[in-house]
Structures are given as structure tokens and as C-alpha cells.
Amino acid sequence: MKNIFKLIILITITLNFAACEQEKEYANPENTRKAYLKHKEDAERDFPKHTDMEEPAERDNELRQMGINNLWYQAVQHGKPEAATQIAMAYYEKLKDYEKAIEWLEYSNSIKPTGKNSDQACTVYSAKRDFKEAIKWCKQAVDLGYEKAIAGLGVVYARDKDYENALVWLKKGDELKQDGAATNLGMVYSQLSGIDNLNKEYLKEAEKYYLKAIKDFPKDYVAVSNLVNFYHDKLKDNVKASAWAIAGVGNVFDITSVVELLAYNW
């Protein structure tokens with residue numbers, strides 16, 4: 001019995017000692033550095049294009065400026081894709097640095113493809129007007145079940161002047177009542193009408209979707225503005241254009257801007 005008791009004490013001491021050693025190892029800066037290098041080597045082996053990530057010290061000013069120093073460790077040392085995506089969008093939104101944004105988006109994708117990261121990559125490539133890459137990433141987002149990318153994919157096709165595919169995806173987005181889908185459908189049909197000598201069917205479809213956009217999103221400034229401009233520029237119907245501009249006062253427009261529009265521009 002005494003021997004068993006001694007054995008239990010010995011095991012307990014050994015386990016405690018091992019735990020202390022683990023804590024000590026984790027806290028050791030050199031071991032932390034080794035962990036980072038191992039992660040980087042593994043990542044470079046599997047995803048050589050996307051993992052040349054500088055240490056935070058080399059980007060310290062940028063990361064500190066954006067308040068995201070801690071995200072570097074989460075992304076590179078702990079392999080968290082969402083942290084890499086956050087870094088990417090900070091570069092895109094705050095510094096307008098598309099190349100670094102893409103670098104981190106691709107790195108996030110190399111850890112684990114996610115719908116949100118793919119959608120963000122679509123946004124950045126579209127802003128760069130690299131629509132081929134944008135479409136690829138938007139399709140990946142949709143394939144990963146990220147529904148918000150559906151209307152976005154349609155918008156990218158429209159910007160690339162592929163109106164056939166734009167209509168397909170924007171209509172899918174409109175069925176889900178996604179923000180921007182209906183008003184962008186109006187824009188696509190309006191553009192098609194211009195290509196086809198003001199085709200009346202296209203103009204009718206454009207008006208239908210512009211009105212639907214306002215019905216679905218009555219406080220959407222872009223939707224109301226698009227409808228007003230459509231009546232004024234395309235249909236040359238200043239009565240309806242003025243009516244919708246006035247109807248937007250206090251909702252999406254301030255009264256001064258509408259008065260100036262009606263008094264000086266029309």
C-alpha cells in the first residue's frame with residue numbers, strides 16, 4: 001500500500017514538472033520563434049505562392065497604424081484564416097494597398113478556403129479591375145455556400161460587360177432580396193437598351209427593377225438616385241424624375257440638394 005502511495009506521489013510530481021516545463025517552453029522566446037519558423041516552413045511547402053509573410057517587426061508601423069498587431073500572430077503562428085482575412089481587409093480599406101490585401105487573402109485561403117475570404121478577394125480584385133480573378137473568387141465564395149456573394153458575382157460580370165451572366169446571377173440575388181441586386185438589374189437592362197438602340201423591352205425591364213429596388217429598400221440612396229437618373233437621362237421624363245426626387249426628401253435626400261437639382265440642373 002505504501003509503495004502504491006509513493007507511486008501516485010511520484011506520478012503527480014512528474015506530471016506537474018512536465019506541465020511546468022511546457023509552460024516554460026511556451027514562454028521561451030526562442031521556442032516561440034521556432035514554432036513560427038516551423039509553421040512558415042510547412043506553409044511554404046504546401047502553398048509556396050502565398051506565405052512570404054514578413055514578421056510583425058518589419059511591418060510594425062503599418063500594423064500599429066491599423067491597430068491589428070495581434071492579428072499577425074493569430075494568422076501566421078496559429079494559422080487562423082479569419083485573422084489573415086481581417087489583416088487583408090485592413091490593408092484594402094484603410095491603406096488602399098491592394099497588393100498586400102491580396103497577399104493576405106491568398107494566405108488565408110491557403111490555410112482554409114472560406115466563403116467570406118473568397119468574397120473579400122472578389123471585392124479587391126474587382127476594385128483593381130481584374131475581373132477574371134474577381135469572378136474566380138466570387139464563384140468560389142458561392143461554391144462554399146456564401147450566399148452574399150451571389151449578387152456580387154452578378155455585379156462583377158456586369159462590370160466586365162458580360163451582361164448575359166450578369167443577369168443570371170443578379171436575378172438569383174434578387175430572388176433572395178439581396179441588397180443591390182434589383183437596382184443593378186435595372187442598370188444592366190438600361191445599358192443593354194443603349195447598346196440596342198433604346199430597345200423598349202429593355203427599358204421596360206430596367207424601370208421594373210429600379211422600382212422594385214425602391215420597394216425592397218425604400219431608404220437606399222443609390223436605388224432612388226438610379227431611378228431618378230433613369231427617368232431623367234434615359235426616358236427624358238422629367239415629371240417622373242422630379243416626382244421621385246421630391247418623394248425622396250427627408251428619406252434619402254435633403255431638401256437643399258433636391259431644390260438645387262430641380263432649379264439649376266433641369
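Leaving aside neighbours within four places in sequence, serine 193 is in contact (heavy atoms within 4.5 Å) with Leu198, Asn199, Tyr202, Leu203 and Lys234. Serine 193 belongs to helix 11, which covers residues 181–195. Its relative accessible area is 0%, so serine 193 is buried; here buried means under 20% relative accessible area, exposed means over 50%, and partly exposed lies in between, using a 1.4 Å probe and protein chains only. The model is predicted, so local features need pLDDT of at least 70 and side-chain atom pairs count only at pLDDT 80 or more, while totals for chains, interfaces and linings use all residues. Residues are numbered from 1 along each chain as its sequence is written, and side-chain values use heavy atoms, with hydrogens and water left out.

Stepping back to the whole chain, the protein has 15 helices and zero strands. Helices (H or I, at least four residues) and strands (E, at least two) are DSSP runs, numbered from the N terminus. Of the 266 residues in the protein chain, 38% are buried. Among contacts between residues at least 6 apart in sequence, 48% join residues at least 24 apart.

The largest nonpolar core contains 61 residues, and Trp104 and Val188 touch the most other members. Such a core is a set of buried Ala, Val, Leu, Ile, Met, Phe, Trp, Tyr and Cys residues joined through side-chain atoms within 4.5 Å. Helix 5 gives the most to this core, with eight residues. Which residues does valine 188 touch, not counting residues up to four places away in sequence? They are Ala158, Tyr163, Ala166, Leu167 and Leu170.

The buried residues are Ala149, Ile150, Ala151, Leu153, Gly154, Val156, Tyr157 and Ala158. They pack against helix 7, helix 8 (131–143), helix 10 and helix 11. Just after helix 9, lysine 161 takes a positive phi of about 65°.

Two packed helices are described by the angle between their axes and the distance between the axes. For helix 9 and helix 10 (residues 163–175), the axes come within 7 Å and cross at roughly 160°. Helix 9 is therefore roughly antiparallel to helix 10. Axes are lines fitted to C-alpha atoms, for helices over the stretch in contact, and angles run from 0 to 180 degrees between N-to-C directions. Angles under 35 degrees count as roughly parallel, over 145 as roughly antiparallel, 65 to 115 as roughly perpendicular and the rest as oblique. The crossing of helix 9 past helix 10 is left-handed, a term for a near helix turned anticlockwise from the far one by less than a right angle, with right-handed used if clockwise. On the helix 9 side, Ile150, Ala151, Leu153, Gly154, Val155, Tyr157 and Ala158 take part, and they meet Tyr163, Asn165, Ala166, Trp169, Leu170, Lys172 and Gly173 of helix 10. These contact residues divide into 10 nonpolar, three polar and one charged. In this count Ala, Val, Leu, Ile, Met, Phe, Trp, Tyr, Cys and Pro are nonpolar, Asp, Glu, Lys and Arg are charged, and the others, Gly among them, are polar.

A second pair is formed by helix 5 (residues 81–93) and helix 7 (residues 115–127), whose axes come within 11 Å and cross at roughly 20°. These two helices are therefore roughly parallel to each other. Helix 5 passes helix 7 in a left-handed crossing. Thr85, Met89 and Tyr92 of helix 5 make the contact with Asn117, Gln120, Thr123, Val124 and Ala127 of helix 7. Here the residues divide into four nonpolar, four polar and no charged. Glutamine 120, found in helix 7, is buried, with a relative accessible area of 17%. Not counting residues up to four places away in sequence, glutamine 120 touches Thr85, Met89 and Leu105.

Loops complete the picture. Asparagine 197 lies in the loop between helix 11 and helix 12 (200–216), and its phi is near 50°, a positive value in a residue other than glycine. Asparagine 197 is exposed, with a relative accessible area of 72%. Lysine 236, in the loop between helix 13 (221–234) and helix 14 (238–247), likewise has a positive phi, near 55°. Lysine 236 is exposed, with a relative accessible area of 63%.
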